[in-house]
Amino acid sequence: MLACRTGNHRCAQALIRMGAPVNDSTGANETAIFMACAAGHEACVQTLVTLGGADVNHLTTVGWTPLMYACDSGHEKCARILIKAGADLYRQTSTGTTALMIACKKGHVRCVEALIEAGAADTEKTDRRGNTAFKLARSYGNHQCGVLLLAKENASKVLNIAAVSYTHLTLPTT
């Protein structure tokens, strides 16, 4: 775990090859991948996922995932590695918070972009306080995150309207 916290991916590789368990956890149920994500050590995250088979959907005692740690700290590259490895985009913490909400609250635009590109469309999902990702972005003055969410939401609405409006049309056959 210390190797990943400090970003020593070569040490992490050696330890994994020697059989070190990558999914052992702390008292808060954090594993090495949480440490690597929080610190933005992409090489360690990649090593843990590809070589160690780290659980990208492991939960802390309060229901946080490695993806949430990456989004909380603004480490977009770590987030993308986790997304590619199958991280759950819609997982909610014990308070109902999602990775998208966390990224919007913190103003981490690139993480918001990565989540949206991956299909995180939980713009209507609320936490226990009734906050949506957009509401959190707006409340914390993270306007660029809010704009990204609105663009995603409006693009979906436009596509739905277009699909309904043009269902009666048929394409010419050749």
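I started with the largest pocket: helix α7 (residues 99–106) gives the most to its lining, with four residues. Helices here are DSSP runs of H or I with at least four residues, numbered from the N terminus. This is a predicted model, so I kept in mind that local features need pLDDT of at least 70 and side-chain atom pairs pLDDT 80 or more, while totals for chains, interfaces and linings use all residues. Residues are numbered from 1 along each chain as its sequence is written, and side-chain values use heavy atoms, with hydrogens and water left out.

Pocket, continued. A pocket is an open set of points on a 1 Å grid over the protein atoms alone, where a 1.4 Å probe fits, with protein on both sides within 12 Å along at least five of seven lines; lining residues have an atom within 4 Å of a point. I get about 310 Å³ of space in the largest pocket, the volume being what probe spheres set on the points fill, with points joined across faces, edges and corners. Its lining has 17 residues, and Thr95, Thr97, Lys105, Asp127 and Arg129 lie nearest the centre. I sorted the lining by class and found six nonpolar, five polar and six charged residues. Nonpolar is Ala, Val, Leu, Ile, Met, Phe, Trp, Tyr, Cys and Pro; charged is Asp, Glu, Lys and Arg; the others, Gly among them, are polar.

Next, aromatics. I searched the whole structure and found two aromatic pairs. The Phe34 and Tyr69 rings have centres 4.8 Å apart and planes at 75 degrees, so I logged the pair as edge-to-face (centres within 6.5 Å make a pair; planes under 30 degrees apart are stacked, over 60 edge-to-face, the rest tilted; Trp uses its six-membered ring). Phe34 sits in helix α3 (residues 32–39) and Tyr69 in helix α5 (residues 66–73), so this pair ties together parts 35 residues apart in sequence. Trp64 and Tyr69 are edge-to-face too, because their ring centres are 5.8 Å apart and their planes at 80 degrees. Phe34, Trp64 and Tyr69 form one cluster.

Which of these are buried? Phe34 is, at 0% relative accessibility, and so is Tyr69 at 16%, whereas Trp64 is partly exposed at 22%. Buried is under 20% relative accessible area, exposed over 50%, partly exposed in between (1.4 Å probe, protein chains only).

Last, α5. Six of its eight residues are buried, so the rest of the structure largely encloses α5. I listed the buried ones: Pro66, Leu67, Met68, Tyr69, Ala70 and Cys71. Their cover, by contact (heavy atoms within 4.5 Å), includes α3, α6 (76–84), α7 and α8 (109–117). After α5 comes Gly74, with a positive phi near 80 degrees.

Note on methods
Helix = DSSP H or I, 4+ residues; strand = E, 2+ residues; numbered from the N terminus.
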